[in-house]
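Dear colleague,

Please find the structure below, handed over for your review.

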Amino acid sequence: MGTFADVQQDGLGGLEHNFVTGQLETLVNWSRARSSWPATFGLACCAIEMMATGGSHYDLARLGMEVFRASPRQADVMIVAGRVSQKMAPVLRQIYDQMMEPKWVISMGVCASSGGMFNNYAIVQGVDQVVPVDVYAPGCPPGPETLLHAIHTLHAQIENGELMRRRAASGSGAGIVIEQRDGQGESQLVSLGRR
């Protein structure tokens, strides 16, 4: 069994795992996954879809995420929704640094993930250059179903402890890319454009 100083300094990592601490770690990861609070960081059109996900139709309250926090010190999930300009990048990093540990990032939309159609000097070509990204939600803009899928993916990774192991090993985010779930497939977008 680890000493009190080990536990105080390293948290659960300072304890040797047995049936009691193993169960405790599972309980802590379960509670982290179900009580993650997102920081409000909407930058462009993806923010409208993020706000729609917070509405009553999609009910983020069942995931423990009903309150988008205005203070980064009360949040542990950052959903970067939209394009990040070079001027906004230091602000994004400052907000990320002020968030409580452990913290996670979802990159929402093609603009946040890779710069999108804005391939110029004013837009950061991927938010992963500023903060470590755990889950990438594709789309332009991704609908609420895709964001919910990204949140479920993040929660599953938090619950099984994989994100904490990856972060400790590499210092970067998980970089999980999910599929788009909101029905905006390529064939559907083409048919909508022909009407």
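Arg93 has a relative accessibility of 31% and therefore counts as partly exposed in this predicted model. Its salt-bridge partner is Asp97, with 3.1 Å between the closest N and O atoms. Asp97 is likewise classed as partly exposed, because its relative accessible area of 45% falls between the limits of 20% and 50%. Both residues belong to helix α4 (residues 89–98), where they are four residues apart, about one turn of the helix.

This pair belongs to a set of three salt bridges found by a search of the whole structure.

Another of them joins Glu159 to Arg34, and here the closest N and O atoms are 2.8 Å apart.

The remaining salt bridge is formed by the side chains of Glu101 and Lys103, with an N to O distance of 3.5 Å. Are these two residues buried or exposed? Glu101 is exposed, its relative accessible area being 60%, whereas Lys103 is buried, with a relative accessible area of 6%. The assignments follow because buried means under 20% and exposed means over 50%.

With kind regards

Terms used: Residues are numbered from 1 along each chain as its sequence is written. This is a predicted model: local features need pLDDT of at least 70, side-chain atom pairs count only at pLDDT 80 or more; totals for chains, interfaces and linings use all residues. Side-chain values use heavy atoms; hydrogens and water are left out. A salt bridge is a side-chain nitrogen of Lys or Arg within 4 Å of a carboxyl oxygen of Asp or Glu. Helices (H or I, at least four residues) and strands (E, at least two) are DSSP runs, numbered from the N terminus. Buried means under 20% relative accessible area, exposed over 50%, partly exposed in between (1.4 Å probe, protein chains only).
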